[in-house]
Amino acid sequence: MPAKVIDCKAIAKEIRESLKMKIREFEHRRGMKLCLATIIVGGDPASVSYVRNKEKVCIEAGLKSLTYELPEETKEEELIELIKSLNVNPEVHGILVQVPLPKHIDEDHIANMIAVHKDVDCFNPINAGKLYRGEKCLIPCTPKGIVRILKEVNAELTGKNVAVIGRSNIVGKPAAALLLNENATVTICHSKTKNLKAILLSSDIIVSAVGRPKLVTKDMIKEGAIIIDAGTTMVDGRLVGDVDFEAAIELASMITPVPGGVGSMTTTMLIENVLEAAYIYE
Ligand SMILES: Nc1nc2c(c(=O)[nH]1)N[C@@H](CN(C=O)c1ccc(C(=O)N[C@@H](CCC(=O)O)C(=O)O)cc1)CN2
Ligand SMILES: [Mg+2]
């Protein structure tokens with residue numbers, strides 16, 4: 001039987017509907033709009049389009065969205081000053097700095113400056129540390145979306161072998177930590193991993209977040225595995241994932257599509273995080 005293609009768009013839509021009610025409730029209780037401040041430095045077309053999309057989804061959900069579009073030559077100190085002002089602004093509940101930042105700005109310095117209670121992307125090392133310790137914190141949007149998808153399809157995680165391919169700070173590493181917190185047996189694979197095929201063949205769940213088309217082929221997939229494809233690459237004007245979808249669908253039990261997969265959950269988790277951030281120190 002071919003794999004069930006997980007309808008991530010439908011899952012995301014349902015979550016957004018329930019968030020809308022909570023957002024209205026917040027507005028009534030606090031007498032102000034829930035607000036996300038987004039900062040983008042430079043005009044990278046892909047980043048601009050991600051930020052526009054986040055803005056659109058936030059507004060649709062009833063949030064106030066403040067977008068700061070700074071020029072490429074913005075100095076690190078200037079960006080830090082803006083973040084400091086947003087940190088103490090009581091009308092701003094979440095702060096998001098779109099990455100990558102221009103080369104002359106140190107992303108680690110910036111991550112340290114975002115107030116822990118407004119850090120909706122979990123960039124601040126205090127939040128990242130809490131995540132690894134399994135403490136309550138704001139969870140980065142894409143990994144949070146991945147775990148939510150697995151829960152929505154009732155995937156058993158306890159004791160299952162999960163391979164996470166990719167070790168980025170934004171997706172791979174936090175996804176592995178979250179799955180470990182769910183009692184999965186997690187193996188993190190990356191470009192230097194020697195026996196990827198053997199690891200994947202013994203995995204009940206594969207989460208790929210690399211951005212390399214056809215990285216995961218049919219011969220690497222255990223029958224009945226669940227595949228979450230968080231990689232995206234443009235090939236001949238078409239967005240494709242890391243997994244050879246057409247082949248994988250014959251072996252897997254469930255699989256997420258690209259596009260319309262994990263990406264659809266990311267912005268929904270962002271809205272949820274802004275709401276959580278607003279309530280953290282209530
Ligand atoms: N501050 C942040 N910066 C960046 C993040 C982030 O989460 N926070 N992630 C990426 C960029 N990004 C969002 O910001 C992003 C990258 C790729 C995709 C994507 O390909 N999504 C789709 C396609 C969407 C569709 O269905 O049309 C998918 O996964 O299928 C989305 C968002 C780096 N910077
Ligand atoms: Mg991402």
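Cys-122 sits in the loop between helix 4 and helix 5 (125-133). This is a predicted model, and in it Cys-122 takes a positive phi of about 60 degrees although it is not a glycine. Cys-122 is also buried, because 25 other C-beta atoms lie within 10 Å and the cut-off for burial is 20 or more.

Lys-214, not a glycine either, has a positive phi of about 60 degrees. You'll find Lys-214 in the loop between strand 7 (205-208) and strand 8. With 14 C-beta neighbours inside 10 Å, Lys-214 counts as partly exposed.

While we're on backbone geometry, there are cis peptide bonds to check. One joins Val-99 and Pro-100, with omega at about 5 degrees. Pro-100 belongs to the loop between strand 4 and helix 4 (107-113). Another cis peptide bond joins Val-258 and Pro-259, with omega at about 0 degrees. Pro-259 is in the loop between strand 11 and helix 10.

Those prolines lead us to the ligand. Which residues come nearest to ligand 1? Out of the 19 residues around ligand 1, they are Tyr-50, Val-99, Thr-232, Pro-259 and Gly-263. Strand 4 (94-97), helix 6 (141-152) and helix 10 (262-279) each give at least two residues to the shell around ligand 1. Helix 10 makes the largest contribution, with four residues. In terms of class, the shell has ten nonpolar, eight polar and one charged residues.

Now zoom out to the domains. The protein divides into domain 1 (26-129 + 265-279) and domain 2 (140-264). Their C-alpha centres are 27 Å apart. Where the domains meet, eight residues of domain 1 are in contact with eleven residues of domain 2. The side of domain 1 that touches domain 2 is made up of four nonpolar, three polar and one charged residues. Back at ligand 1, both domains take part: each supplies at least three residues of the shell.

Seven of its seven residues are buried, so strand 2 is largely enclosed by the rest of the structure. Cys-35, Ala-37, Ile-39 and Val-41 point one way from the strand, while Leu-36, Thr-38 and Ile-40 point the other way, and all are buried. Strand 2 runs parallel to strand 3 (residues 64-70), and seven bridges join them. If you want a specific pair to pick out, Ile-39 has Tyr-68 in strand 3 as its bridge partner.

On the annotation side, an unreviewed UniProt entry lists residues 140-278 as "domain: Tetrahydrofolate dehydrogenase/cyclohydrolase NAD(P)-binding". Over that stretch the chain is 35% helix and 19% strand, and the end C-alpha atoms are 16 Å apart. The unreviewed UniProt entry also places a "binding site" feature at Gly-166, Arg-167, Ser-168 and Thr-232.

What surrounds Arg-167? Leaving out residues up to four places away in sequence, Arg-167 touches Gly-172, Lys-173, Ile-188 and His-190. Arg-167 is in the loop between strand 5 (161-165) and helix 7 (172-181) and is partly exposed, with 18 other C-beta atoms within 10 Å. Ser-168 is likewise in the loop between strand 5 and helix 7. Ser-168 is partly exposed, with 15 other C-beta atoms within 10 Å. With the sequence neighbours again left out, Ser-168 touches Lys-173 and Ala-209.

One last stop is Asn-195, in the loop between strand 6 and helix 8 (196-201). From Asn-195 to Ile-227, 32 residues apart along the chain, the C-alpha separation is 19 Å.

Technical notes:
Residues are numbered from 1 along each chain as its sequence is written. Chains are lettered from A and ligands numbered from 1 in the order in which they are written. This is a predicted model: local features need pLDDT of at least 70, side-chain atom pairs count only at pLDDT 80 or more; totals for chains, interfaces and linings use all residues. A residue is near a molecule or strand if its C-beta atom, placed from the backbone, lies within 6 Å of it. Ala, Val, Leu, Ile, Met, Phe, Trp, Tyr, Cys and Pro count as nonpolar, Asp, Glu, Lys and Arg as charged, and the others, Gly among them, as polar. Domain bounds come from an automatic or database domain assignment. UniProt positions are given in the numbering used here, feature names are shortened, and annotations may be inferred rather than shown by experiment. A residue is buried if 20 or more other C-beta atoms lie within 10 Å of its own, exposed if 12 or fewer, and partly exposed in between; C-beta atoms are placed from the backbone. Two residues are in contact if their C-beta atoms, placed from the backbone, lie within 7 Å. Two strands pair if DSSP finds at least two bridges between them.
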